[in-house]
Amino acid sequence: ILMVKNIISYIPSFIMVALIIAIVAVSFLQNKVLNEDYWKMQMEQNNYYEKLEDTVNDSFENYIMQSGMDSSVFEGIYDLDKVKEDTNSIVHAILNNEEFKIDTSTIREKLDNNIRKYIKDNKVLVNKTTENQIQNFENAIINSYLNSVSYSNSIVKTVSSITGKVKNVIPKIFIMVVILLIVNIVALIILNIKNIRNVLKFIAIISFTIAGLNILGIILEKHFLGIQSLTVLNENISVIVQIFVKEIYRVLYTSTASGTVLGLLFSILCGNGSKNIAK
C-alpha cells in the first residue's frame with residue numbers, strides 16, 4: 001500500500017512541476033513581455049533610441065550624393081525626442097492591439113524649409129522639374145525615416161492581434177493554473193497525511209526537477225539555439241530580441257538557484273524528519 005501511495009504521489013508532484021513552470025511563464029508574459037513600461041525602461045537602459053537615431057541618420061546620408069545637396073538640409077528636421085515618441089507609440093499599439101500612425105508632417109515641413117534655404121543660398125534655378133525632384137526627395141526621406149523607425153503594418157497588425165488575445169486570456173490562465181496547483185498540493189498532502197517526511201521528499205524532488213529543467217533550457221539555448229546572437233531583420237530588432245533573451249536567462253538562473261536551494265533545504269528537512277522518526 002505504501003509503495004502504491006508513493007507511486008501515486010509522483011503524479012501530482014510532476015503535475016506540480018508543470019504548473020509551477022506555467023505560473024513562472026505566465027507571470028513573465030504578464031509582467032515583462034506584455035508590459036509597456038518594462039519595454040520603455042529596457043529601451044532606455046539599452047540605448048535603443050540612440051541606436052535608432054543613428055540608423056535614421058545613416059539612411060539619410062545615402063541620399064546626399066543622389067540629391068547633389070549637403071547634409072545641412074537634414075539639420076533639425078527631427079530629434080531624439082521624436083524617435084522616442086514614435087517608437088513608444090508603436091510599442092503601445094502592439095501591446096494594446098491598436099492602430100498606429102507616425103506623424104511626419106513636421107519632418108517634411110522642416111526638411112522643405114532647409115531645402116528652400118539651401119536653394120536660395122546656392123542660387124539654384126527652380127523650375128517644374130526641380131520642384132518634382134524636391135518632392136521626390138522629400139518623399140524618399142520621409143519613407144526612409146518611417147522604414148527605420150517603424151515596422152511593416154502587416155507585422156504590427158499580426159503581432160498586435162496576438163498580444164491582444166494573449167492579454168485577454170492571461171489572467172484566466174493564471175487563476176486556473178494557481179487553482180490546479182493548490183488542488184495538487186492538497187492531493188499530495190492527503191496522500192501522505194501520515195508521513196510528513198514523504199511530503200518534504202516530494203517537494204525536494206519538485207524543486208530539483210525544476211532546477212534541472214532550467215539548466216537543460218540554458219544549455220539548449222546556448223549551444224543549439226543561440227537566439228541571443230541572432231540578427232533578426234535588422235540590428236535594432238536584434239537589440240529587442242537580445243533584451244528578451246537576457247530576461248529569459250534571468251528567470252532561468254533565478255529559478256535554477258531557487259529550485260536548488262529549496263531542494264537542498266527540503267532534503268535536509270526530510271533527512272531530519274527521518275532521524276526523528278527513527279528515534
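This report walks through the helices, ring pairs and loop residues of the predicted model above.

The model is predicted, and residues are numbered from 1 along each chain as its sequence is written. Local features need pLDDT of at least 70 and side-chain atom pairs pLDDT 80 or more, totals for chains, interfaces and linings use all residues, and side-chain values use heavy atoms, with hydrogens and water left out.

**Overall picture**

The protein has ten helices and zero strands. Both are DSSP runs numbered from the N terminus, with helices being H or I of at least four residues and strands E of at least two. Of its 279 residues, 36% count as buried; buried means under 20% relative accessible area, exposed over 50% and partly exposed in between (1.4 Å probe, protein chains only). Among contacts with a separation of 6 or more, 82% come from residues 24 or more positions apart, where contact means heavy atoms within 4.5 Å.

**Aromatic rings**

A pair of aromatic rings is described by the distance of the centres and the angle of the planes. Rings of Phe, Tyr and Trp (its six-membered ring) pair if their centres lie within 6.5 Å; planes under 30 degrees apart count as stacked, over 60 as edge-to-face and the rest as tilted. The whole structure holds seven aromatic pairs. One of them joins Phe 74 and Phe 137, which are stacked at 6.2 Å centre to centre with 25° between the planes. Phe 74 sits in the loop between helix H4 (64–67) and helix H5 (80–96), and Phe 137 in helix H7 (residues 128–149), so the pair ties together parts that are 63 residues apart in sequence. Phe 74 and Phe 137 are buried. Ring pairs also link Phe 60, Phe 74, Tyr 78, Phe 137 and Tyr 145 into a cluster.

**How H6 meets H7**

Helix H6 (residues 105–121) packs against H7 at about 140°, with the axes 10 Å apart. Here axes are lines fitted to C-alpha atoms, for helices over the stretch in contact, and angles run from 0 to 180 degrees between N-to-C directions. H6 and H7 are therefore oblique to each other: angles under 35 degrees count as roughly parallel, over 145 as roughly antiparallel, 65 to 115 as roughly perpendicular and the rest as oblique. Residues making the contact include Leu 111, Ile 115 and Ile 119 of H6, and Ile 134, Phe 137, Ile 141 and Tyr 145 of H7.

**Loop residues**

Which residues does Thr 104 touch, leaving aside its neighbours within four places in sequence? Thr 104 is in contact with Ile 142, Tyr 145 and Leu 146. Ile 102 and Ile 90 are twelve residues apart in sequence and 8.5 Å apart in space, C-alpha to C-alpha.

Two asparagines have a positive phi although neither is a glycine: Asn 47 at about 55° and Asn 97 at about 50°. Asn 47 is in the loop between helix H2 (36–45) and helix H3 (48–61), while Asn 97 is in the loop between H5 and H6. Here are the accessibilities of these loop residues.

| Residue | Relative accessible area | Class |
|---|---|---|
| Asn 47 | 40% | partly exposed |
| Asn 97 | 43% | partly exposed |
| Ile 102 | 10% | buried |
| Thr 104 | 15% | buried |
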